[in-house]
Amino acid sequence: MHEFLFKKLINTYDDNTATKIIDGLKCDKKTTFRVNHIKSTCDEVEYELKSQSIPYEKFDNADGSNIIINDVYIIDSNFKSNLENLNIYKKGKIYLQSISSMLPVYLLDPKAKENILDMCAAPGSKTTLIQSIANNKVSLTAVELHKDRYERLKYNLELQGANAYTFNMNAIDLDDNFKFDKILIDAPCSGSGILDINNNNYEKYFTEGLIARCVKTQKNLIKKASKLLNVDGIVVYSTCSLLKEENEDIVNYAKGCGFENANLSTVPSSNQNENYIKVFPDSIYEGFFIAKLIKK
């Protein structure tokens, strides 16, 4: 069982770590979400949760992100649907999002008046978080290739009240005259860090061919970002994969495109070194890789 996945993982990790990752992928995930500071406050959200008797606790490890997570001692299979029935959800005051998915944006550290590009923006989770952190004061451009996902991106931007210029196109076709201070590349990937391995059908699409296609796309996005970024500008590269060829190898490729590793700010992770952050899956986290690069 899971022979191909294990084979891919031990190209990067030892047997014990590979087994730990597979065990983490089997875990049921807690429902996590964040407060949208464009439309609401932590106090308002907490009041609504208490008034509806919905169990929650703050996730204090997330560096001012105001994440709230359902109580680990109370397992409620209807928790997600309960949240979606609340006005704070329907009005875009909270957003359901995995904690791992939020980390690349914290590392990007968006500031007011910066010109930021989100190259693979749909469905808008990270795009809207950029403006939530920056109080809607970033000049934000969001690009999405696929039409159906692009429509979802626009829906979430509108619901969250997040401002952005949007383009339904391949980011590698952007005019090189565009210039940005920061670029987020949440790259298409094999999804090895979020695979539903409790469903054996995943083996039908998690293949060498998929990985090879993703690596090609990832390199093209890095190469394009090098043309769009101002000197000393920042790229945050992330995937929901834990494979070396989609992560460390892409960072090494980026160095040939004029990038260097940038200093990493501290974000919640137990697997951080001087060059990247790697998050292993468990009951709270999804598997993620995040690197911060600077153009020289």
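**View 1. Helix α3 and the residue that follows it.** Just after α3, S53 adopts a positive phi of about 55 degrees. The model shown here and in the other views is predicted. Helix α3 spans residues 42–51, and its buried residues are C42, V45, E46, E48 and L49. These residues cover an arc of only 160 degrees around the axis, which places them on the same side of α3. On the face turned away from that buried side, α3 carries the exposed residues D43, Y47 and K50.

**View 2. Helix α10 and its packing partners.** Within α10 (residues 248–255), the residues E248, I250, V251 and A254 are buried. Viewed down the axis of α10, the buried residues fall within an arc of 160 degrees, so they line one face of the helix. The elements against which these buried residues pack are α9 (208–228), β9 (229–239), β10 (259–261), β11 and β12.

View 3. Strand β9 is mostly covered, with eight of its eleven residues buried. Strand β8 (residues 180–186) runs parallel to β9, and six bridges join the two. From β8 the chain passes through α9 to reach β9, a β-α-β crossover that is right-handed. Strand β12 runs antiparallel to β9 and is joined to β9 by six bridges. Here Y237 stands opposite A291, a residue of β12.

**View 4. Aromatic ring pairs.** Such a pair is described by the distance of the ring centres and the angle of the planes. How many aromatic pairs does the count come to? The count comes to six aromatic pairs. In the pair of Y13 and F280, the ring centres are 5.7 Å apart and the planes stand at 85 degrees; the angle is over 60 degrees, so the pair is edge-to-face. This pair links distant parts of the chain, 267 residues apart: Y13 is in the loop between α1 (3–9) and α2 (15–26), while F280 is in the loop between β11 (276–279) and β12 (288–295). Y13 and F280 are both buried. F178 and F180 form a stacked pair, with 6.2 Å from centre to centre and 20 degrees between the planes.

View 5. E114 is located in the loop between α6 (99–108) and β5 (115–118). Its relative accessibility is 16%, and because the limit for buried is under 20%, E114 counts as buried. Which residues does E114 contact, leaving aside its neighbours within four places in sequence? They are D109, V138, S139, D181 and K182. With K182, the side chain of E114 makes a polar contact to the side chain, at 3.1 Å. A polar atom of the E114 side chain also lies 2.8 Å from the backbone nitrogen of K111.

Definitions and conventions. Residues numbered from 1 in each chain as written. Predicted model: local features only at pLDDT ≥ 70, side-chain atom pairs only at ≥ 80, totals over all residues. Heavy atoms only, no water. Phe/Tyr/Trp six-rings, centres within 6.5 Å; stacked < 30°, edge-to-face > 60°. Helix = DSSP H or I, 4+ residues; strand = E, 2+ residues; numbered from the N terminus. Buried < 20%, exposed > 50% of the residue type's maximum accessible area, 1.4 Å probe, protein only. Arc of directions from axis to C-beta. Contact = heavy atoms within 4.5 Å. Polar contact = N/O pair within 3.5 Å; in protein donor to acceptor, adjacent residues only side chain to side chain. Pairing = 2+ DSSP bridges. Right-handed = clockwise from strand over helix to strand, strands pointing away.
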